[in-house]
Amino acid sequence: MEPKYRILSLDGGGTWSLIQIMALRKLFPDGRKGRAILEEFDLVAANSGGSFVLGGLLEDLTLDELFNYFEDQTKREAIFSPNNSLFYRVLRAIARVGPKHSSQAKLHAIKSFLPNRGGVSLQEAALGIRRSSKDIHLLIIGFDYDRNVAAFFRSAPVGKSRPQVRPAGQVQAAAWGNGAPASVTLAEAIHASSNAPVNYFDLPADFPPHEQRYWDGGVTGCNNPIVAAVTEALVLDTKPSDIAALSIGTGTVSLLWPQHGQTSPFYNTLIQKGLQDYKQLRADVLKLATSILDDPPDIATFLAHVMTGGGKGVIAPADSRIVRLSPLVSPIKVQNEWQAPGGWTPERFAYLANLDIDIVEQEQVNTLRDYAQLWIDDKALNQPIRRDSTTLNVELGFYSFSEAAAAWRATR
């Protein structure tokens with residue numbers, strides 16, 4: 001039986017969000033436009049780079065048009081426009097940390113990306129996009145820089161306040177508080193959600209006369225927004241067993257821990273290396289600056305799996321109401337020997353594993369695109385819901401794109 005409530009969740013990841021477009025093209029190969037794709041869902045949650053993908057779908061671009069936008073180096077450079085601060089250039093040269101890009105230039109680029117829908121409210125952007133009797137519910141994640149709280153940009157209100165006076169013996173419905181709809185435009189919500197601090201953008205996102213300033217939603221712990229999405233559905237009075245969610249990530253680097261007895265000439269390229277060569281404070285700052293983008297597979301998607309019933313009553317080939325699609329930048333074992341996927345050289349694999357989220361150069365994007373295609377072709381691993389981080393064995397979820405895609409189709 002088809003689930004009563006379907007969720008699409010799109011991770012953050014900067015340019016790596018190209019992966020999400022490629023995954024959607026494989027799932028929807030018929031060339032339909034963005035709004036028609038969104039009509040397959042009741043709720044879409046997005047963070048950072050994923051909010052760009054959502055914006056393109058709301059703009060009613062085809063997936064090919066959206067893919068070509070990410071493939072255009074000029075447009076990537078407009079999003080990741082360098083700032084002109086001499087201080088930051090010196091700081092990065094000395095300490096290897098510090099913002100590289102202009103926040104204000106990014107807002108201008110987003111508005112250019114969304115000429116038709118960027119200037120409207122989220123409520124208006126969602127208008128008429130329906131899988132059922134209600135317009136799709138949109139949720140874009142940000143972080144309120146001044147109030148130090150999560151900022152949920154919604155297309156419609158959610159929740160119920162607890163009444164001030166409750167008659168004795170009266171049974172109360174769940175009280176969630178008030179979740180107000182967003183007071184900003186679609187372009188502004190995407191700008192707020194995609195404003196990664198410290199190593200990326202120079203200033204909090206702001207858009208006068210709106211008073212608040214924002215950092216990337218990854219600061220809230222929602223770089224993978226699936227838990228926020230499921231929570232939002234529950235607050236909208238959806239039964240956990242009625243939910244099916246497709247969570248599309250932007251890739252996770254998962255290397256091996258050093259092990260004794262390994263003789264492969266590629267082994268040193270495939271193991272996780274520490275930051276012991278840096279001064280400790282510098283290493284900590286660098287790790288903290290990028291940790292908001294991390295998504296260990298046994299956290300967000302596993303929590304959402306538990307929240308929706310742990311897969312109880314789900315019909316095979318699905319094993320959960322949450323289906324995770326995201327490539328692992330990870331070695332594979334061939335005849336008891338660890339290798340890079342797809343016959344890649346260790347050097348090319350290491351090159352990809354060390355790319356940042358804000359890649360602009362075409363060679364970098366080509367490498368990312370080629371690896372994403374390996375994943376779609378089942379030659380590179382899919383990120384499951386939960387796995388053993390030492391052996392990389394899957395405990396829940398699927399090794400391959402095709403298995404996960406089949407599980408999602410089985411929820412229909």
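Some ground rules. Residues are numbered from 1 along each chain as its sequence is written, and side-chain values use heavy atoms, with hydrogens and water left out. Because the model is predicted, local features need pLDDT of at least 70 and side-chain atom pairs count only at pLDDT 80 or more, while totals for chains, interfaces and linings use all residues.

Let me start with strand S1, residues 5-10. Strands here are DSSP runs of E, at least two residues; helices are runs of H or I, at least four; both are numbered from the N terminus. How many residues of S1 are buried? The count is 6 of the 6, so S1 is largely enclosed by the rest of the structure. Buried means under 20% relative accessible area, exposed means over 50%, and partly exposed lies in between, with a 1.4 Å probe and protein chains only. Look at the two faces. Tyr5, Ile7 and Ser9 point one way. Arg6, Leu8 and Leu10 point the other way.

Now the partners of S1. Two strands pair if DSSP finds at least two bridges between them. S1 pairs with strand S6, residues 243-248, in the parallel sense over 6 bridges. S1 also pairs with strand S2, residues 43-47, again parallel, over 4 bridges. Follow Leu10. In S6, Leu10 stands opposite Ile248. In S2, the bridge partner of Leu10 is Ala46.

Next, helix H3, residues 49-58. H3 is mostly covered, with 10 of its 10 residues buried. Among them are Gly49, Gly50, Gly55 and Gly56, along with Phe52 and Val53. Just after H3, Asp60 takes a positive phi of about 70 degrees.

On to Thr367, in helix H15, residues 362-376. Is Thr367 buried or exposed? Thr367 counts as buried because its relative accessibility is 4%. What does Thr367 touch beyond its neighbours within four places in sequence? The contacts, meaning heavy atoms within 4.5 Å, are Trp344, Arg348, Tyr351 and Leu352.

A salt bridge is a side-chain nitrogen of Lys or Arg within 4 Å of a carboxyl oxygen of Asp or Glu. By this rule the count comes to 16.

Lys75 bridges to Asp72, with the closest N and O atoms 3.3 Å apart. Lys75 is partly exposed at 33%, and Asp72 is partly exposed at 26%. Asp135 and Arg130 meet at 2.7 Å, N to O. Asp135 is partly exposed at 25%, and so is Arg130 at 43%. Arg147 and Asp144 meet at 3.2 Å. Here Asp144 is buried, at 5% relative accessibility.

Last, the surface. Which residues make the nonpolar patch of about 300 Å²? They are Leu86, Val90 and Ile94. Patches are made of residues with over 30% relative accessible area and no salt bridge; like charges are joined within 9 Å, and nonpolar side chains (Val, Leu, Ile, Met, Phe, Trp, Tyr) within 5 Å. Areas come from the Shrake-Rupley method with a 1.4 Å probe, and for residues only the protein chains shown count as cover. Leu86 sits in helix H6, residues 86-95. Leu86 is exposed, with a relative accessible area of 56%. An α-helix has 3.6 residues a turn, so residues three or four places apart point the same way.
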